[in-house]
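Look at the structure first.

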Amino acid sequence: MLDKVIIREYKNSDELNWLDVHASVMVDSYAWWIVIHKKPTYKKEVVDLVAVIEDKIIGFITIEINSDIIDIVKGDYGFVWEFGVHRNYRGNGIGKRLINKAHEIMNDRYGINKSIWYSQDEKAQRYYEKLGMREIERHWQFSVYPTEAQKKLFEKDKFNCWAMRGSCNIEDFEEVKQKFRVIEEDDALKPRICIGYEYIL
Ligand SMILES: CC(C)(COP(=O)(O)OP(=O)(O)OC[C@H]1O[C@@H](n2cnc3c(N)ncnc32)[C@H](O)[C@@H]1OP(=O)(O)O)[C@@H](O)C(=O)NCCC(=O)NCCS
């Protein structure tokens, strides 16, 4: 059955099926902390692939070429925004096939052999390390409730702030926790270490 899996480019008519499998993948990965209801679009060109079995999408990868979301990487690269395989099909090499095919297209179209990956999900981090990706950076990601003083400051500008999300250097987290009310009790929002990787293929 798995020899029927094909990797092909995403097309607009895939959107609802893509969102279905994306939502399913989000259930058991902490890489995402918000639900998406539309397929995101990007400023730059993308390599956008899906893994399909009998017309059903079971995996996806979306890479934006030279995304300006980061500025720490020298030279050209693809930034990986989305990557997942439905849990019923994992461990069959489909993730690796998506990565290989995306790299092949990046190479052919743009002459690029480097992809950049970020994840705050520990299982995904182990996967990236198993594939031989090189860590380039790590930071804390978390959400905070505004303090009473911060609330008042925002209210002056008509903004009623419930919560805010952001990041900090690993070594600054204790200091940040002194000044902000970090949300610890919400499973989706609680602080996690996000690791950035570089993959050259
Ligand atoms: C990460 C993910 C896409 C991998 O897909 P997959 O199709 O199961 O991966 P593959 O079958 O191609 O695995 C390739 C190799 O990695 C290994 N592997 C798979 N998951 C692993 C993990 N969590 N940790 C370490 N190694 C892992 C496989 O055993 C395989 O090794 P082998 O080549 O020696 O047999 C999938 O687990 C997933 O969708 N996870 C949830 C979503 C997610 O967190 N995405 C990352 C967003 S940043």
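**Helix 3 and beyond**

Just after helix 3, Gly 132 adopts a positive phi of about 95°. The model is a predicted one.

Q: What makes residues of helix 3 line one face of the helix?
A: Start with the buried residues of helix 3 (residues 122-130): Ala 124, Gln 125 and Tyr 128. Seen down the helix axis, the buried residues fall within an arc of 105°, so they line one face of helix 3. An α-helix has 3.6 residues a turn, so residues three or four places apart point the same way.

Q: What do the buried residues of helix 3 pack against?
A: Two strands: strand 5 (114-119) and strand 9 (192-200).

Q: Why is Trp 32 called partly exposed?
A: Trp 32 has 18 other C-beta atoms within 10 Å. Buried needs 20 or more, and exposed needs 12 or fewer. The count of 18 falls in between, so Trp 32 is partly exposed.

Q: Where does Trp 32 lie?
A: Trp 32 is in the loop between helix 1 (15-27) and strand 2 (46-53). Its C-alpha atom is separated by 9.7 Å from that of Glu 82, 50 residues apart along the chain.

Q: How is the chain divided?
A: Into domain 1 (2-136 + 196-200) and domain 2 (139-193). Their C-alpha centres lie 29 Å apart.

Methods. Residues are numbered from 1 along each chain as its sequence is written. This is a predicted model: local features need pLDDT of at least 70, side-chain atom pairs count only at pLDDT 80 or more; totals for chains, interfaces and linings use all residues. Helices (H or I, at least four residues) and strands (E, at least two) are DSSP runs, numbered from the N terminus. The arc is that of the directions from the helix axis to the C-beta atoms. Two residues are in contact if their C-beta atoms, placed from the backbone, lie within 7 Å. Domain bounds come from an automatic or database domain assignment.
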